[in-house]
Amino acid sequence: MTDTLQLAPPRRRAFGLVVAAASVPMFMATLDNLVMTNALPVLHERLGATVEELQWFVNAYTLAFASMILVASALGDRFGRRTVFLIGITIFGVGSVLAALSTDPAQLIAARALQGFGGAGVLPLSLALISGGVAPQRRPLAIGIWGGISGLGVAVGPLVGGAVMEGWNWQAIFWINVPVALIAIPLAYFVLRNDFGSRSRIDVFGALLAGLGVLALVHAIVRGNDDGWDSLGVIAEIVGAVVLLVGFVLWQVRATSPLVPLRLFSDRSFSVTNVVGFAFSFGTFGAVFILIQYMQVVQGSSPLEAAVQTTPWTLAPMIVAPLAGIFAPRVGTRVLMVTGLGLQAIALGWLALLLSTDLDYAQLVIPFVMAGVGMGLVFAPSATALLATLGLVDHAKASGVNSTVREIGIALGTAVMTAVFVSAGGELRPDLYVDAARPAVLVGAAVLVVGMIAAFWLPSGRSGRFAPAEPAAAASSPELTLSSPS
């Protein structure tokens with residue numbers, strides 16, 4: 001029995017409804033991630049969390065996300081992308097409730113991991129559902145709006161978190177996800193099509209190899225400063241992680257239904273976009289982890305004040321990302337992404353040099369704006385470049401691979417920069433924070449420079465030279481269905 005891909009007649013929904021139904025849950029997940037970052041100093045006090053536990057409040061989410069996202073994408077192809085999308089929203093909502101009810105760091109870490117499992121069914125499939133739900137000629141605009149909504153999550157996440165924590169308590173930053181999920185589930189069910197990809201077996205063994213390999217690597221980095229980088233346990237964990245990840249790649253070569261079809265990497269735009277995505281997430285979000293705590297620990301700002309002070313950084317992507325999505329077909333994704341990564345690298349280097357215990361806030365505004373504009377120039381163009389030359393049937397797995405790479409970048413960026421911070425003698429005290437934060441942020445800037453150099457290998461991405469490689473029938477964006485004739 002063989003699977004045969006068939007194209008059903010198109011059943012279109014209104015452009016705005018499709019974009020909203022796919023983007024609102026993604027907004028919820030993005031908002032929650034940055035709300036968490038802004039809450040770390042408060043959680044340090046209220047739950048008595050250590051610096052290592054603060055990392056795991058972030059990394060429990062990102063690692064759970066990264067370990068399950070490829071499986072979620074494969075499940076979406078097999079059982080329906082909307083179906084898995086809705087399950088992801090539900091799990092994310094349940095995880096939010098459990099996080100709000102947590103009374104110690106271990107409970108919160110476990111709840112954050114459950115949120116990550118839910119997020120694995122939301123973020124990559126949201127992009128695939130938008131891509132398959134709108135006409136090809138409107139796809140760059142849809143992806144641009146999707147990027148802008150992602151930027152909105154970046155922008156209002158710290159603001160909402162700061163306002164909620166100051167006016168209520170830290171638990172409320174998780175409770176606010178519940179009404180969003182309750183609205184998002186029926187909206188997605190009635191508006192989005194339940195597209196399918198290739199109905200193949202789920203590569204459980206490959207998922208275990210990848211998930212355990214990433215977990216071992218990040219855990220080794222997190223514990224390196226406490227146990228010593230030359231300790232037997234840390235070295236063994238790093239070696240074990242490398243063996244597992246190499247084993248994963250070798251298994252994907254021989255697996256009949258691989259989680260990551262390695263043929264995708266023969267597409268230069270797809271491969272380079274993933275390298276850029278890793279560097280972008282590593283450098284940007286690792287630095288955010290350090291800098292947002294600087295505003296509270298050193299500057300003495302409340303969570304709300306810190307959120308307002310960082311809005312020149314966090315608000316810019318909401319404005320810039322949709323514009324970048326609109327102009328990408330004209331000026332090219334490569335130009336936008338190289339420029340965006342360069343602006344972020346300069347901004348982080350500038351911020352690292354500025355940091356001091358008595359820094360005037362006004363000096364932070366220009367580099368904050370530069371970093372935000374740079375983020376906006378990467379969000380939407382990278383999503384466009386990722387899918388530009390792939391057929392619709394590959395969009396879910398391609399988005400899954402990219403989201404996994406980005407989440408691994410966030411986890412490793414946070415872990416590595418915290419390791420640099422701790423090894424430099426950093427503690428959550430003003431007098432010990434600045435000198436340790438400076439080299440950590442410079443590491444982020446250096447990784448962004450590497451990403452910028454890699455982005456030069458992207459195709460130009462202008463219309464006419466960067467058109468989606470999909471069959472003529474799919475060009476009119478019909479619904480994808482599967483039949484399995486004997």
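Reader: How much space lies in the largest pocket?
Author: About 500 Å³. Keep in mind that this is a predicted model.

Reader: OK, and which residues are closest to its centre?
Author: Leu 245, Phe 248, Thr 404, Val 405 and Ile 408, out of 23 residues that line the pocket.

Reader: Which elements give two or more residues to that lining?
Author: That would be α2, α9 (204-227), α10 (232-254), α11 (268-297) and α17 (395-423). The largest share is from α9, with six residues.

Reader: How does the lining of the largest pocket split by class?
Author: There are 18 nonpolar residues and five polar ones, with no charged residues.

Reader: Switching to packing. At what angle do α2 and α5 cross?
Author: Roughly 35°, and the axes come within 9 Å. Helix α2 covers residues 51-79, while α5 covers 123-133.

Reader: Which residues make the contact?
Author: On the α2 side, Phe 65, Ile 69, Ala 72 and Ser 73; on the α5 side, Leu 123, Pro 124 and Leu 125. Six of the residues in this contact are nonpolar, one is polar and none is charged.

Reader: Zooming out, how many helices and strands does the chain have?
Author: 19 helices and two strands.

Reader: And what share of the chain counts as buried?
Author: 60% of the 486 residues. The chain exposes about 17800 Å², and 69% of that area is supplied by carbon and sulfur atoms.

Reader: What about contacts between residues at least 6 apart in sequence: what share joins residues at least 24 apart?
Author: 86% of them.

Conventions
Residues are numbered from 1 along each chain as its sequence is written. This is a predicted model: local features need pLDDT of at least 70, side-chain atom pairs count only at pLDDT 80 or more; totals for chains, interfaces and linings use all residues. Side-chain values use heavy atoms; hydrogens and water are left out. Axes are lines fitted to C-alpha atoms, for helices over the stretch in contact, and angles run from 0 to 180 degrees between N-to-C directions. Helices (H or I, at least four residues) and strands (E, at least two) are DSSP runs, numbered from the N terminus. Contact means heavy atoms within 4.5 Å. Ala, Val, Leu, Ile, Met, Phe, Trp, Tyr, Cys and Pro count as nonpolar, Asp, Glu, Lys and Arg as charged, and the others, Gly among them, as polar. On a 1 Å grid over the protein atoms alone, a cavity is a set of points where a 1.4 Å probe fits but cannot get out, and a pocket is an open set with protein on both sides within 12 Å along at least five of seven lines; lining residues have an atom within 4 Å of a point. Grid points are joined across faces, edges and corners, and a volume is the space filled by probe spheres set on the points. Buried means under 20% relative accessible area, exposed over 50%, partly exposed in between (1.4 Å probe, protein chains only). Accessible areas come from the Shrake-Rupley method with a 1.4 Å probe; for residues, only the protein chains shown count as cover.
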